[in-house]
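Hello,

Here is the structure I promised to pass on to you. Have a look at it first, and then read my notes below.

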Amino acid sequence: MTARLYFEDVKAGDLLPAWSRTTDLMNWNRFAAVNDEFMPFHMDDADGRRAGNPGGAFGMGNLRFAYILNALQDWIGDEAEVREIGCQYRKMNQKGDTLTVSGRVLAAELVGDEGRVRLAVDVVDQDGAATCPGHAVVILPRRK
Amino acid sequence: MATGVTTLITQELRDLEGVWGEPRRSPPVAASDIRKWAIATYWPNTPPPIHWDEAYAAGTRWGGIVAPADFNPFAWPIRRTPLAPLPTPKGLTLTSLNGGQVETYGAPQRPGDIIVDRMRVASFRERHGRFGLMLHVEVENEWTNQDGAFVRRRLSTFIRY
């Protein structure tokens, strides 16, 4: 199978293609169902407010983490692999937020035979606020 | 909030640092669970066929369906064992926030895999923040598969104050 992206095609400063989702209970309930993550404050506005979020129920950090992973995977394709993702949760995901995964290549280097690419990543809301800044490492195939 | 104490990292907590707990085993990973996980995390878009189309997946470097790297095979246990509480210095009630996580991936999870998880507190750190003295607890989960291959390491940071 032909790779979607090769190591030789990437350089520092390249941007990850924008990857967005507008999130609400439709997204959160589906994720709760597969991850068995039925925390009351992700489901119910009154519980969300009791947990300190005036906007009511709020989204899961793990789902935003999945969005970072999926944005990276869509960019690199199935012949490459995501090796590492890290992020800090800085802001809650409110109902109706449009979340966009952003990423910028910091370095592309050969480590042994591996084409290793390090990125700064984040999930930014519709107001431009960073909700979970972090980093990622992907391994890209090399051209023969 | 911790008031009237000079440190949150008591000897009792130090004794827990680095000690692995008893491992737990997942039920066999099911292709349908992988498909549903991919649908949920790509919603409302169609997820990539590597997670649900065996014929397509067979033509990739993986040779078959693989799960998204963040797939959790431990969801929906038959017997629910309460999660061990985060270590807390005696006499204090602390609020806990999910500060973030770092996940490192190895072998992909495939249908039929059985994943073994072991967990430990990797480190305690403390610092002064806007809520006073705050305890950062770093919890490490390490997953291997039925062949002993490394699958995933997750370092979760919980902030307690």
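How many bridges join β2(B) and strand β5 (residues 150-160) of chain B, and in which sense do the two strands pair? They pair in the antiparallel sense, over nine bridges. One place to look is Gly100(B), whose bridge partner in β5(B) is Thr157(B). Please keep in mind as you read that this is a predicted model.

**Where the chains meet**

β2(B), which covers residues 96-105, also pairs with a strand of the other chain: β2 of chain A, residues 81-88. This pairing is antiparallel too, and it runs over five bridges. Then look for Ile85(A), which stands opposite Glu103(B).

The contact between the chains takes 25 residues from chain A and 25 residues from chain B. On the side of chain B that touches chain A, the elements giving two or more residues are α2 and β2 of chain B. Of these, β2(B) gives the most, with eight residues. Sorted by class, that side of chain B has twelve nonpolar, nine polar and four charged residues.

**A helix to explore**

Next, turn to helix α1 of chain A, residues 25-35. Its buried residues are Asn27(A), Trp28(A), Phe31(A), Ala32(A), Val34(A) and Asn35(A).

What covers the buried residues of α1(A)? The cover includes two elements of chain A, β1 (19-22) and α3 (61-76), together with α2 (31-42) of chain B. After the helix comes Asp36(A), which has a positive phi, near 60°.

**One exposed residue**

Finally, find Leu110(A) in strand β3 of chain A, which spans residues 98-111. Is Leu110(A) buried or exposed? Leu110(A) is exposed, because there are 10 other C-beta atoms within 10 Å, and a residue counts as exposed at 12 or fewer.

Enjoy exploring, and write back with any questions!

Best wishes

Note on methods: Residues are numbered from 1 along each chain as its sequence is written. Chains are lettered from A and ligands numbered from 1 in the order in which they are written. This is a predicted model: local features need pLDDT of at least 70, side-chain atom pairs count only at pLDDT 80 or more; totals for chains, interfaces and linings use all residues. A residue is buried if 20 or more other C-beta atoms lie within 10 Å of its own, exposed if 12 or fewer, and partly exposed in between; C-beta atoms are placed from the backbone. Helices (H or I, at least four residues) and strands (E, at least two) are DSSP runs, numbered from the N terminus. Two residues are in contact if their C-beta atoms, placed from the backbone, lie within 7 Å. Two strands pair if DSSP finds at least two bridges between them. Ala, Val, Leu, Ile, Met, Phe, Trp, Tyr, Cys and Pro count as nonpolar, Asp, Glu, Lys and Arg as charged, and the others, Gly among them, as polar.
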